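Please open the model in a viewer and keep the selection panel at hand.

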Amino acid sequence: MERVKTGIPGFDDLIEGGIPKGFNVLITGTPGTGKTIFALQYLYSGAMKGENGLLVTLDSKRQELIEQAQCFGWDLESLHKQDKLSILEVPMDKVEMDLFSMIEDEVQRIDAKRLVFDNLMNFAINIDQFKVPVSFIIGNPEVASVMGNEKMYYTGKSEKRITYLLINELSRLNTTNIMITSAPEGEEAQLTSDQVSEFAADGVIVMYNQLVGARHAKTMTILKMRKTNNSPYIHDVELGKDGVIIRPAQAVYE
Ligand SMILES: Nc1ncnc2c1ncn2[C@@H]1O[C@H](COP(=O)(O)OP(=O)(O)OP(=O)(O)O)[C@@H](O)[C@H]1O
Ligand SMILES: [Mg+2]
């Protein structure tokens, strides 16, 4: 099986060398746990070895991300200019946006192999703003020909449903995807706000701010990675001068 190396030191070894190609992996966690930085590093390390990437953000301004990346010495601005790492900043003040077509067009334009969607919760909260095609439901060429191959859009208002549709649409692209979402704070048992993306995704990474004595320690675990014998441990996440490093499991967890 072909695997895509995230390039995040210490992480690929936890999942048999990388994310299976074409997977949709979800990163969930409370605010400030390093989700966006992790995903940026995934795109940066791909772009540096010729695997172009697309970051779709409903969460940050392009310039903010460029500056965040600069902290770790990653020159996103020049990669963006060269179409090696495209940042698609989704305006939140437009209506009837066919977001999926925008993503698909940009993936094709830059020949993206990696895609990051940041984040699913913002997408679902702003459900009224987006149109999501439901072509895959028809999925049947005979039905499609009766419908005249016309694009159909989901017009309902269910956050769960639209999230599920988006995830399905993203997995139709020939990219390996990281989708970010948010975990509600103080709800240990609830992994995501939408409570559906963890089931739809091929893999689930959870990032934590764990209270250790008088400090918060950033940690992570891999809850699910289909077709992979993944580490079952909680790992320390270190944010150093070069970005994220995932530490091996401590003996204390054994
Ligand atoms: N240069 C840096 N050096 C060390 N740590 C940093 C640096 N820049 C940011 N951080 C840490 O990373 C955190 C932000 O990470 P990130 O933006 O990836 O979080 P997030 O999980 O995406 O948060 P949100 O859910 O709010 O989007 C900061 O709160 C800080 O703890
Ligand atoms: Mg973020």
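Begin by selecting Phe11, Phe38, Leu76 and Ile246, the residues with the most contacts inside the largest nonpolar core, which has 38 residues. Such a core is a set of buried Ala, Val, Leu, Ile, Met, Phe, Trp, Tyr and Cys residues joined through side-chain atoms within 4.5 Å; buried means under 20% relative accessible area (1.4 Å probe, protein chains only). Next select residues 35-47, helix α1, which gives the most to this core, with eight residues. Helices are DSSP runs (H or I, at least four residues) numbered from the N terminus.

The model is predicted: local features need pLDDT of at least 70 and side-chain atom pairs pLDDT 80 or more, while totals for chains, interfaces and linings use all residues. Residues are numbered from 1 along each chain as its sequence is written, chains are lettered from A and ligands numbered from 1 in the order in which they are written, and side-chain values use heavy atoms, with hydrogens and water left out.

Now select Leu120, Val132, Val134 and Ile162, which are among the 32 residues of a second, separate core.

Finally, select ligand 1. It is surrounded by 13 residues (a heavy atom within 4 Å), the closest being Gly32, Lys35, Thr36, Ile37 and Lys218. Helix α1 supplies the largest share of this shell, three residues. Which polar contacts (pairs of N or O atoms within 3.5 Å) may be displayed here? Oxygen atoms of ligand 1 lie 2.7 Å from a polar side-chain atom of Lys35, 2.9 Å from a polar backbone atom of Ile37 and 3.1 Å from a backbone N or O atom of Thr33.

Technical notes: Buried means under 20% relative accessible area, exposed over 50%, partly exposed in between (1.4 Å probe, protein chains only). Helices (H or I, at least four residues) and strands (E, at least two) are DSSP runs, numbered from the N terminus. A polar contact is a pair of N or O atoms within 3.5 Å; within protein, one must be able to donate a hydrogen and the other to accept it, and residues adjacent in sequence count only if both atoms are side-chain atoms.
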